[in-house]
Amino acid sequence: MASLSLLLRFLVVVTAHVTEARWGPRSRLILTEGSHHPPGNTPSPQPGAGPEPGDPAPAFQVPTLDGSFSYDPAEGALKGPLVIHAFTNKSGFLESLWSSESSLKSLVEGLPDRAQVLFLSLDDSAVSDALWMREQLRLAAAHSSWKGVLTRLHFSPVPVFALGNWIPNVLYYWGCMGHNCGLSQTVFTSDGWKMPIVVKRLDARYDWLMARWSKNLYQLADVGDGCEPSPSLGGAVAWVSEGNCSFFTKVQSMAKSNASGVLVYSLPGNPIQDMNCAGNECFFPLGIPAAMVHLEVSVAQALRSGQVVNVSFQTTPSPNFFISIDQQGALAEMGWFLYPSFSFVNWQAQWFGFSASLQSKLQSPAKVTPVFDQVTMQGDKGAVATVDLPSADLWDFDTLELDASLSCPGRRDSSCAQWDHTVQLFVCCDPLSPHCNVELGRWITAFRRGTGHWLTDVSPLIPLLDSNKCTFTMKTAPWAMPWVVSLNLRFSVSNQTGEDFGKLRPFSVTSLYSGGTFDKNYNKMYQPTKFPVPSSTKKVELYAVITGHGSDENGCGEFCVTSHHFLINAVHNNTRRFDSAGSALGCTMRVKEGAVPNEHGTWLYGRGGWCDGLQVDPWRIDITKQLNMSDFESNAIVYFGLFNGQDPNPAQEPGYIIMSSFLIFYK
């Protein structure tokens with residue numbers, strides 16, 4: 001306690017000599033619909049001006065409330081990742097993040113075992129901020145079995161501007177605008193006021209209210225609690241109090257009242273909250289923006305007295321609030337937090353754990369054949385390479401893995417493509433073969449994040465590589481922004497044991513069905529296929545890669561639950577069902593498998609057989625016992641796809657299914 005008292009005394013002296021920072025003119029920067037990144041005309045530091053993601057993190061040491069915290073890369077790789085969070089009371093987003101019980105509990109209960117978090121403050125009030133943040137998390141852990149996590153949470157009472165190490169440089173150099181950084185502000189003006197009143201705000205959830213504040217100057221109208229429609233507001237922004245009804249009801253009522261938007265102010269003593277819909281409310285479209293602010297007394301008094309108050313909206317750049325160091329000691333971005341919750345810290349830390357595990361797997365013995373090394377993939381052609389396969393007989397291997405990564409033209413996420421697209425790898429070893437340009441692998445790009453790296457087992461397709469030289473083509477939508485691809489083929493021998501199974505190798509592949517438009521004619525395309533089982537076959541496997549895309553009135557095929565059936569010999573129904581499609585957090589459950597977290601879009605939702613920023617895993621079923629294995633008898637297979645147990649029959653804009661399916665024969 002003596003050392004802490006001495007430290008706090010020192011900090012009082014430091015902060016007493018800090019004069020108010022003098023900033024230059026602040027730009028009025030607007031987040032428009034669909035923009036999760038700084039507008040193109042926002043100035044940014046030139047390359048080489050500072051550290052970048054992937055650079056090694058230098059050693060540092062900072063005082064904390066519980067002693068000194070240090071990081072030294074000379075001591076070897078971290079046992080777990082380190083997240084560095086810089087708090088400021090000027091952010092409505094961070095206020096909600098730290099005031100929400102569910103947010104705080106998510107960190108206490110969900111932070112991966114080896115992850116650590118260092119909490120800093122950008123403000124002069126760093127001492128009280130550190131004490132308050134520690135107390136908030138202690139209270140969140142008080143009645144749970146997760147108190148041990150507190151030993152991995154470190155709170156520094158030294159303000160960022162006084163740290164004297166590299167951390168402030170990275171926070172400011174990586175400064176950003178968005179949902180988890182940048183200062184979203186509301187500006188009130190009125191005739192007779194000498195100065196505008198600028199307050200922090202938190203916009204309603206991006207995935208609920210898609211409308212964004214424009215650069216217009218609006219009149220503000222006081223309409224009480226906003227729970228009932230008012231006489232036409234003539235395009236004014238509604239000023240309503242929290243409480244008495246849901247956020248949805250307030251926004252719906254004000255939309256009916258011809259408001260241009262809604263400002264909900266918190267009641268005295270209450271924090272800014274995360275404005276969101278609940279249940280079926282989320283399916284009702286609302287076309288105006290909304291945000292929450294604190295009650296500003298001067299504004300309320302002016303409105304009560306009949307004075308005209310105008311309002312506008314701006315976003316001021318700020319230092320980054322979250323940076324990190326991965327297990328390899330490299331600096332890393334933390335991505336975009338869709339809403340104020342520490343769950344996003346947990347998901348990024350989970351992904352660091354996946355990445356470390358992947359790096360370990362890549363050290364295992366394998367014959368590696370490089371295909372692409374940092375090659376730009378764009379346009380109709382995509383990335384193309386013709387490579388020599390291992391000189392040894394591929395029969396010597398029973399495992400083929402695709403070591404693939406998708407990065408961006410620059411080192412930061414801001415250089416990445418904005419939208420998610422399907423990426424497919426095709427192989428052709430013989431232009432005359434029916435298997436020329438068959439799909440070998442599939443991935444989905446992330447929303448504006450360039451850290452994706454995956455290892456996909458496609459061993460059953462080894463027979464497709466039936467030549468010493470094969471051409472590989474990796475491509476996505478031709479209109480998509482460029483991605484930088486790397487791909488290695490990893491041939492190896494598995495550690496499988498067992499007198500029979502361990503000796504089996506795939507030797508023949510039969511192509512089955514592809515997908516198509518998921519409408520009333522979808523299943524009419526598919527007819528039963530008869531096939532013999534080659535002699536010497538010991539095992540037969542059904543292998544399929546299936547994903548649903550597009551969105552009709554039911555969300556099909558991306559966000560609806562579809563089932564895909566392969567009926568063998570009119571008896572055995574092998575079914576692949578996408579149960580998590582449309583679920584709110586379906587893809588967060590797959591971060592540990594490599595799904596890139598904290599993308600600049602709605603990556604969290606479950607999808608039809610895929611997630612943004614993840615490989616599409618092949619579906620494999622042993623069907624040997626379902627077949628007649630005689631040399632003289634044929635077998636039959638037919639495929640059909642269903643929505644809600646019935647043939648699809650959308651009324652508008654049908655989605656589509658992308659599918660590659662095969663029978664794999666082993667001996």
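Predicted model: local features only at pLDDT ≥ 70, side-chain atom pairs only at ≥ 80, totals over all residues.
Gly557 sits in the loop between strand S25, residues 539–549, and strand S26, residues 562–568.

Two other loops have a backbone feature to point out. Asn244 is in the loop between strand S9, residues 237–241, and helix H6, residues 247–256. Its phi is positive, about 75°, although Asn244 is not a glycine. Is Asn244 buried or exposed? With a relative accessibility of 71%, Asn244 counts as exposed, because the cut-off for that word is over 50%.

Glu653 is the other case. It lies in the loop between strand S30, residues 634–643, and strand S31, residues 656–666. Glu653 is not a glycine, yet it has a positive phi of about 40°. Its relative accessible area is 60%, so Glu653 is exposed.

Now to the helices, starting with H2, which covers residues 92–99. How many of the residues of H2 are buried? The count is 7 of 8, so the helix is mostly covered. The buried ones are Gly92, Phe93, Leu94, Glu95, Ser96, Leu97 and Trp98. Note that Glu95, which counts as a charged residue, is on that list. The N-terminal end of H2 is capped by Ser91, where a side-chain oxygen lies 3.3 Å from the backbone nitrogen of Phe93.

Next is H3, and I will take its two partners in turn. Two packed helices are described by the angle between their axes and the distance between the axes. Helix H3 is residues 101–110, and helix H8 is residues 343–361. Their axes come within 8 Å and cross at roughly 25°. That angle is under 35 degrees, so H3 is roughly parallel to H8. On the H3 side the contact is made by Ser106, Leu107 and Gly110, and on the H8 side by Ser343, Val345 and Asn346. Sorted by class, this contact has 2 nonpolar, 4 polar and no charged residues.

The other partner of H3 is helix H4, residues 126–141. Here the axes come within 9 Å and cross at roughly 75°. How do H3 and H4 lie to each other, roughly parallel or roughly perpendicular? They are roughly perpendicular, because 75° falls in the range from 65 to 115. H3 contributes Leu104, Lys105, Leu107 and Val108, while H4 contributes Gln136, Leu137, Ala140 and Ala141. By class, that is 6 nonpolar, 1 polar and 1 charged residues. Leu107 of H3 takes part in the contact with H8 and also in the contact with H4.

On to the interior. In soluble globular proteins, nonpolar side chains tend to be buried together. The largest nonpolar core in this model has 149 residues, and Phe60 and Phe472 have the most contacts inside it. Which element gives the largest share of this core? H8 does, with 8 residues. There is also a second, separate core of 28 residues, which includes Leu542, Ala544, Phe578 and Ala581.

Ser156 is in strand S5, residues 153–159. Its relative accessible area is 0%, so Ser156 is buried. A polar atom of the Ser156 side chain lies 3.3 Å from the backbone nitrogen of Val158. Beyond its sequence neighbours, Ser156 touches Val62, Pro63, Thr64, Phe119, Leu120, Ala126, Ala130 and Leu163.

Ile323 is in strand S13, residues 322–325. It too is at 0% relative accessibility and therefore counts as buried. Apart from residues within four places in sequence, Ile323 is in contact with Leu82, Val83, Ile84, Trp166, Val170, Leu171, Trp174, Ala332 and Met334. Leu233 is 90 residues from Ile323 in sequence, and their C-alpha atoms are 43 Å apart.

Val368 is in strand S15, residues 367–377. Its relative accessible area is 37%, which lies between 20% and 50%, so Val368 is partly exposed. Leaving out neighbours within four places in sequence, Val368 is in contact with Asn488, Leu489 and Arg490. Val368 and Leu402 are 34 residues apart in sequence, with 10.0 Å from C-alpha to C-alpha.

Conventions
Residues numbered from 1 in each chain as written. Heavy atoms only, no water. Helix = DSSP H or I, 4+ residues; strand = E, 2+ residues; numbered from the N terminus. Buried < 20%, exposed > 50% of the residue type's maximum accessible area, 1.4 Å probe, protein only. Polar contact = N/O pair within 3.5 Å; in protein donor to acceptor, adjacent residues only side chain to side chain. Contact = heavy atoms within 4.5 Å. Axes fitted to C-alpha atoms, helices over the stretch in contact; angles between N-to-C directions. Parallel < 35°, antiparallel > 145°, perpendicular 65-115°, else oblique. Core = buried A, V, L, I, M, F, W, Y, C linked by side-chain atoms within 4.5 Å.
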